[in-house]
Amino acid sequence: IREVLKFEFFFSRRSVFDAELREEVERIDPEWEGRAQTDAPVTAQRARRWFERSRPHMAHLTLRPFLDAYHLFAHELARSAADAPVDRDELLERCVRTGKQWVLRRKLHSAESVTLELFRNALLLAQHRGLLEEGDPKIASRRYAFEAELRSLVDALVRLEEAELTCS
């Protein structure tokens, strides 16, 4: 998620971020650091315990509009002609139109995801990953992989929301 949303949020440098994350996990599960050396660092049981102790009540609410918008953008990009230059303005307009349709069909969690600002930042991410290039024989499959990655992140947030509801 950090890599996907780097055009939305300011994150610490990776080494600082990793240290901050480690400190947070140690607050939730003080025994984790000692076990991490001999056991698998993260097991399903440990993740569940961390979830129950930390109760990330707002994660799905906070991140969902961003990830829904990025997924919608990736969906439209994957359907762009692979053998022609990407018309960025037309792509952004398609995202807005599709977003409005997805809201009506309840394929999006909320209309908050349908904004040019979010789509423009998704465009920056796609450009950063080289997904707007023409002439790459694998561009279509790379774009579909981008869409699948974002779908997976949205699905993870849905599971987080469902877990939060069952723990409440």
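1. In this predicted model, Thr98 is in contact with Leu72 and Glu76, once its neighbours within four places in sequence are left aside. With Glu76 there is also a polar contact, made between the two side chains at 2.9 Å.

2. Thr98 belongs to helix H5, which covers residues 88-104. Its relative accessible area is 10%, and because the limit for a buried residue is under 20%, Thr98 counts as buried.

3. The loop between H5 and H6 contains Ser113. This residue has a relative accessibility of 1% and is therefore classed as buried.

4. What is Ser113 in contact with, leaving aside its neighbours within four places in sequence? The list consists of Arg64, Pro65, Asp68, Ala69, Leu108, Leu118 and Phe119.

5. Helix H6 comprises 13 residues, numbered 116-128. From its first C-alpha to its last it reaches 18 Å, close to the 18 Å expected at 1.5 Å a residue.

6. Within H6, the buried residues are Leu118, Phe119, Asn121, Ala122, Leu123, Leu125 and Ala126. As background to this pattern, an α-helix has 3.6 residues a turn, so residues three or four places apart point the same way.

7. After H6 comes Gly130, which has a positive phi, near 75°.

Methods. Residues are numbered from 1 along each chain as its sequence is written. This is a predicted model: local features need pLDDT of at least 70, side-chain atom pairs count only at pLDDT 80 or more; totals for chains, interfaces and linings use all residues. Side-chain values use heavy atoms; hydrogens and water are left out. Helices (H or I, at least four residues) and strands (E, at least two) are DSSP runs, numbered from the N terminus. Buried means under 20% relative accessible area, exposed over 50%, partly exposed in between (1.4 Å probe, protein chains only). A polar contact is a pair of N or O atoms within 3.5 Å; within protein, one must be able to donate a hydrogen and the other to accept it, and residues adjacent in sequence count only if both atoms are side-chain atoms. Contact means heavy atoms within 4.5 Å. The expected span of a helix is 1.5 Å times one less than its number of residues.
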